[in-house]
Amino acid sequence: MKTSPEIIITNDCFKPERFPVFISGNDETYIKKVEEFFIQKCIENGFSSFNKLEKINDYKESSSLFDEKLVNILYGVGNVGEVEIDLLTANDDLLIISAKTTPKDKKLKKLFKDKVKYQLVECYKLNRQSKLKIINYFFENNKINLKKEAYWYLVENLDNRYAFISEELEKISLSGKK
C-alpha cells in the first residue's frame, strides 16, 4: 500500500501500522527525513535494537539475549524479494528499507504496492500541493504568520526539493517576527 511522505511528516498523530516499510524515490534528504520519522516511532514503541544493513547479504540471523525485538534497516534493494522480507521480519522484527530509486527496485515496488500489509513511501520532488502541506505545517507549528503576498511568494519561489524547502523555512523561523 502506498502512503504519501508529506502525510507522514505533517501529521503529528500518524502512527505507522504497516511494516515492512519501503522508502524510495530520488530526493535523498526526503527519504532520510521519512526514515528518521519511522525510526523515532519505533523507539517510541519500545524498540531499542537497530540492525543497519547495506545489502541483504549482510544479514546474519541472531537471537537477542533479552528477546528484544529488532528493527532491520536495509539500504540496498538488490536481490530483495518476499522471501528475504519474511526472513528480516521473522520473530516480529520490523523492517525499514530505505534506498534511492534504481532500475533494480521495480519488482520490489510492485510487491509493496500490491501487499496490503506492506507500506511504500515514495519521496520525489514536491508538487505544489505537497509543498503547500509542508509549508502550512511548518508555519502552524512555529506560530508564524505571513502576509498573503509573502506567503504566495514563498510557495512560488521555494525549491521543489525537501532539503531546500526545509532549510529556507528554518531560516524564516530563525528570523523571528521580522
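Here is a short walk through this structure, starting with its sheet and ending with a pair of helices.

The model is a predicted one, so local features need pLDDT of at least 70 and side-chain atom pairs count only at pLDDT 80 or more, while totals for chains, interfaces and linings use all residues. Residues are numbered from 1 along each chain as its sequence is written, and side-chain values use heavy atoms, with hydrogens and water left out.

Let's begin with the sheet. Six strands make up an open sheet, with parallel pairing, in the order β1-β6-β2-β5-β4-β3. (Strands here are DSSP runs of E with at least two residues, helices are runs of H or I with at least four, and both are numbered from the N terminus; two strands pair if DSSP finds at least two bridges between them.) At the edges you'll find β1 (2-3) and β3 (49-53), each with a single partner strand, so one side of each has no neighbour in the sheet.

β3 pairs with β4 (residues 70-74) in the parallel sense over five bridges, and leucine 53 sits opposite leucine 74 in β4. Next, four bridges join β4 to β5, with isoleucine 73 opposite isoleucine 96 in β5. Then three bridges join β2 to β5, and here isoleucine 23 faces serine 98.

Helix α2 (residues 28-44) touches β2 (21-25), β3, β4, β5 (94-98) and β6 (119-123), where contact means heavy atoms within 4.5 Å. Helix α4 (residues 106-114) lies across β2, β5 and β6.

In the loop between β2 and α2 sits asparagine 26, partly exposed with a relative accessible area of 42%. Asparagine 26 and cysteine 123 are 97 residues apart in sequence, yet 6.5 Å apart in space, C-alpha to C-alpha. Beyond its neighbours within four places in sequence, asparagine 26 contacts Lys100, Thr101, Cys123, Tyr124 and Lys125.

The axes of α5 (residues 128-141) and α7 (residues 162-174) come within 11 Å and cross at roughly 25°; axes are lines fitted to C-alpha atoms, for helices over the stretch in contact, and angles run from 0 to 180 degrees between N-to-C directions. The contact involves residues including Phe138 of α5 and Leu169 of α7.

Terms used:
Buried < 20%, exposed > 50% of the residue type's maximum accessible area, 1.4 Å probe, protein only.
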